[in-house]
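Please read the following walk through the structure with the sequence and the coordinates open beside it. The text goes from whole chains to a sheet, and then to contacts between helices.

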Amino acid sequence: MSDSAAPDIHTGEEVVDGAEGREDILQVRGSAALRTFLDDLRAAKHIIELVDGYRLCIATACAFQRAPDTTRTYRGRQTMFARDTLDTGDQAIRTAIAEIYPDVARMPYRAAEDLAEQGAEIIKGFMVGDNLKFMDIVERVERAAQEDETS
Amino acid sequence: MIIQSVELVNFGPYYGRHVLELGRGGHPVVVIEGLNMAGKTSILNSIRWALYREAKGRDARPMKTGDLVNAQAIVEDDARMSVKLNVVVDGREITLLRQVTARAGVANPLNDEDFEWYVSVAVDGAYYEPSEYDLLVEDLLPRGISRFFLFDGELLNEYEALVREGGEAGARGVRESIEMILGLPAARRARVDVQALKEEVSKRLQRANTKDKKYRAAADQLAAHEAKRDQLERDRDEVVAQIKADEDALRGFDANLLRYQETREDVGRLKQAKEDLERLEATTSEKIERRRELAKDLWRDVLAPRLRQETTRLEQERDRLTADIARLSNLCAQQAKLQEDLTRDLCSQCGRGLEEPERARLRSELKNLQTEISEVEKTADAERFQTLAGILRQLRRVAPAGITSAVKDIEADLARLDLDTYKANEHIEAAERKLRGIKIEQVIEWDRETARLNERLTGLRASVKKLNEELVDINAKIGAETKKLLDNENPASQRLAREHDTLEVLEDLTARAVAEMTDELRADVEREATDIFLELTTDKTFQGLRINEQYGLTIVQANGEDLRVRSAGAEQVVALSLLGALNRLATKRGPVIMDTPFGRLDQLHRANILQFLPRMADQVVLLIHNGEVDTERDLDPIKDQISARYEITRDGPHSQLEVARTELNV
C-alpha cells in the first residue's frame, strides 16, 4: 500500500503503518454535523468554500489545546476533500499537527479529521444565531497564549 | 356679524365639549387668556375651520384634519370632532355646524379622505341645504377678506412682507382683498356696463349706415373692426377665464402641496433613507466579501499562538541539549587526559613520573568523571538535538498570514454598518408609517401640475397683454370709423350720435368716478389708518402714514419724509393701523379675532392698542398670554368694555385643557 504511505517529514522514511497499526488517509472526511455546520457558515457568508471552514476548525482545536483522538468515530462521516485539497502548497497543516502532536505524527490527516470535529464545536460556542466574529476566536486564543507565557 | 357662541367638541387640545359664550354681556371685547401652547390658536382655528374648512399651523401652513382631532378622543376610539358657531347678522340668528368622524376601518385618520364630513346651516331656526353652507359663509364673511378679521402675529408678518416687498402676485392678492373689503369691485362693474352700452350704440350706428352709399365703406369697416374687437374680447375673456381657472387650480395645488408639504418632506426623507440603505447594503456586501476572502487564510493566524508556544518549548529544549552536549564533550576530554596520564604514568603538567599516592588520586578522579559522564550521557541526546533542529525548521515554515488586523477592522466596520442599517430601516419604517394612506404619486403629480400651470400662466398672461394691446389698437380704429359715421347728417345717425356722445360722457364720468372713488377710498384708508396710528404710536414726532397704490403704508416723519427702516414693533403698529382702518371702512362688518398680536410691542404700545380695541370693530376677541400682556394692569383701562374673560388652564401635565369663564360683565 505504498501509494497510501507518506514520507516522515523529518527523516524522509516512508511510513507504511501508523503507530496503532492504522494508516493515514488520502481523503479527509466530515460527520453529518460538521458538514451541516460548514454549509451554514457558507450560507451565512462567513466563508467562501467549505474547505476554508474545515481548516479554521482544525486550527481552532489546536489553538484551544485539544488533543486529537484518531480512534473516535462520528455519525454520518463522508469524504469531503482530498488531503492535497485541504493541505496545499507548504503542507502546513500536516507539519503543524505532526509537530504539535508527535504521537500522531505518522497520521496527521486522520488527526486533522478529529480536530476539525472538535474545532467545529468550539466555533459554535462563539456564534450568536448566524453571527460569528472571527476576532472573538482570535482574541481568546491570543489571551490564553499570553497567560501561558506569563505563568 | 357677531359671534354669539363657539361650541367645540374634541377640537385640537380640547377634549369633549367646550362652549365659549362670546356674545353675551353686550360689550365689544372678550379676553381669552392662556399660556403658550395652551390652546389659544386652536380657538382661532376652530372658527376658521367652521367657516372655511381650514386651520393654520406654524408658518401659516394648512393643518391636516387628523392633526386637529383631539388626541385623547382618538385614543378612546371616538375620533369625532365638530365646531358649531352661533352668529347674529342684521338681526338674523345663524347656526353653522361642521363635523367630521373618522371612517370605520381607518387606523390612523389623518387626511380629509379618512373622515366623513357633515355640515348643517340654519337661519332663524330654518335649515338650509348643506350645499348652501359655503355660499352663506361667503356672503357673511368672504374668505378673500377673512384675513383682516381672523389673524395672529404671523399673519401680520404676512401682510408686512407682502406689501413691503411688493412682489407682483403677493401685492395683487392683498390689494384685491383690500379692494374687496372696500367694495370697489361693484363700482368697477358700473363702468363696464356703460362701456357695453356704448358698444351697443356703436353697432346700431354701423347698421344704420350700411345702406348709405357714402358711409357704407366706413360702416363696413366699422363692422369689421367691431367684429374683430368682439373676437379679441372673446379671446381675451377666454384667456382671462383660463388664467383664473389655472390660478384657482394652482391655489388648490398649492394648498394641497402646502398641506402635504410635510408629506413631500417625508417623501424626500423616505427616498433619502432608502438611498442610504442601498448604499449601506452595498458597502456591507463588499466588506462581507472581503472578510470571506480573508477567512481563507485566517486559520494560520488562529494557529499561530499555539505554534509559537510549541516553538518556544522546543527552543528551550534545544538550548538545554546544547548545554548538556557541550558539558559531555568537556567531561570526555578530561577523562581522556586522565587516562593518558595513568597509562604513561607521567604527570602531564610537570612531566615527572607518578608516585602511588598520585596514581591513586588520578584513579579516583577518573572514576568520578566516569560517573558524571554516565549521568550526562542520559540527557545529552545528540540525535534529539538534530531532530529538534529539523522540527524547528518545519515549524518556522508554517508562517502566520498576518491578516488579523484587517479582519478586526472589517468586523468593526460591519458592526457599525449593522447599526447604521438598523437606523436606516427605522427611518424608512417611520417615514412609511407617516405616509401610509397617502398617495405619494398624487403628491408628485401635483408638483408636476403646479410647474406646468405656472409655465402656462406665464404664456397666458403674455397673451392677455398682447390682446389688450390689440384691443387698444382696434378700439382706436373703431373710434376713427365711428367718428366718420357720426358726421352723417341723416336723422337716425344724428340720434345715435347724440346717444353715443352721452354715453361717452357717461363712460368718462364713470371712469373718473371710479378713479376718484378709488383715490378717495385710498385716502380714507390713509386717513383712518393715520388716525389710528397716531393714537397707537408712542413717538409723537411722526406726522402719520402715507399710502401707496398697493395699500402699503409708510410712516411719515416730522420732516415729511418717509421712514425707510422700520423696527419690527413699528411694522406691527402700522399693520394694526391698516387693519383698524379697513374694519372701519369695510362694506362687511365682522368680528375681529386676534391671536397674540402684541408679541413685538413694548408696554406703552400695548396699552395704546388695548385702549383702541373696543373701537376697532363691533366685536373684538383677544387671545393673549400673560407674557405679552399684564392682564391686571394693561386691561384695567378697558375693563368696562370687556364682556367676558376666559382662562385656558390645564390641571396637570397630562390632563386636558379646560377653557372656563372667569368673569362676565353684563
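Predicted model: local features only at pLDDT ≥ 70, side-chain atom pairs only at ≥ 80, totals over all residues.

Chain A has 151 residues, of which 48% count as buried. Its secondary structure comes to six helices and four strands. Read from the N terminus, the elements follow the order β-β-β-α-α-β-α-α-α-α. Of the contacts in chain A between residues at least 6 apart in sequence, 76% link residues at least 24 apart.

Chain B has 666 residues, and buried residues make up 43% of them. The chain contains 18 helices and 14 strands. When contacts in chain B between residues at least 6 apart in sequence are counted, 72% join residues at least 24 apart.

The sheet of chain B comes next. Six strands of this chain form an open sheet in the order 2-1-4-5-6-7, with antiparallel pairing. Strand 2 and strand 7 (126–127) of chain B are the edge strands, each pairing on one side only.

On one side, strand 1 of chain B pairs with strand 2 (residues 14–21) of chain B in the antiparallel sense, over six bridges. In this pairing Phe11(B) stands opposite Tyr14(B) of strand 2. The two strands form a hairpin with two residues between them, and in it Gly12(B) takes a positive phi near 60°. Strand 1 of chain B is also joined to strand 4 (residues 80–89) of chain B, by seven bridges, and these two strands run antiparallel. Here Glu7(B) has Lys84(B) of strand 4 opposite it.

Strand 4 and strand 5 of chain B pair in the antiparallel sense over 10 bridges, and Met81(B) stands opposite Val100(B) of strand 5. These strands too form a hairpin with two residues between them, and Asp90(B) in the turn has a positive phi of about 50°. Strand 5 (residues 92–102) of chain B is in turn joined to strand 6 (residues 115–123) of chain B by nine bridges, again in the antiparallel sense. Two facing pairs can be located here. Arg98(B) has Val119(B) of strand 6 as its bridge partner, and Ala102(B) stands opposite Phe115(B) of strand 6. As a guide when looking at such pairs, in a regular strand the side chains alternate between the two faces of the sheet.

A helix lies across part of this sheet. Helix 4 (residues 133–140) of chain B lies across strand 4, strand 5 and strand 6 of chain B, and runs at about 130° to strand 5.

Which way does helix 8 of chain B lie relative to helix 14 of chain B? The axes of helix 8 (residues 184–209) and helix 14 (residues 440–486) of chain B come within 10 Å and cross at roughly 55°. That angle makes helix 8 of chain B oblique to helix 14 of chain B. The crossing of these two helices is left-handed. Helix 8 of chain B contributes Ser202(B), Leu205(B), Gln206(B) and Asn209(B) to the contact, and helix 14 of chain B contributes Ile478(B), Thr482(B), Leu485(B) and Leu486(B). By type, the residues of this contact divide into four nonpolar, four polar and no charged.

Helix 8 of chain B also holds Ala187(B). This residue is buried, with a relative accessible area of 14%. Leaving aside neighbours within four places in sequence, Ala187(B) is in contact with Val514(B) and Met517(B). Ala187(B) and Val514(B) are 327 residues apart along the chain, yet their C-alpha atoms are separated by 6.2 Å.

His225(B) is found in helix 9 (residues 213–259) of chain B. Is His225(B) buried or exposed? His225(B) counts as buried because its relative accessibility is 12%, and the cut-off for buried is under 20%. Not counting residues up to four places away in sequence, His225(B) touches Ile474(B), Lys477(B), Ile478(B) and Glu481(B). Ile478(B) also takes part in the contact of helix 14 with helix 8 of chain B.

Note on methods: Residues numbered from 1 in each chain as written. Chains lettered and ligands numbered in written order. Heavy atoms only, no water. Axes fitted to C-alpha atoms, helices over the stretch in contact; angles between N-to-C directions. Parallel < 35°, antiparallel > 145°, perpendicular 65-115°, else oblique. Left-handed = near helix turned anticlockwise from the far one by under 90°. Contact = heavy atoms within 4.5 Å. Nonpolar A, V, L, I, M, F, W, Y, C, P; charged D, E, K, R; others polar. Pairing = 2+ DSSP bridges. Buried < 20%, exposed > 50% of the residue type's maximum accessible area, 1.4 Å probe, protein only.
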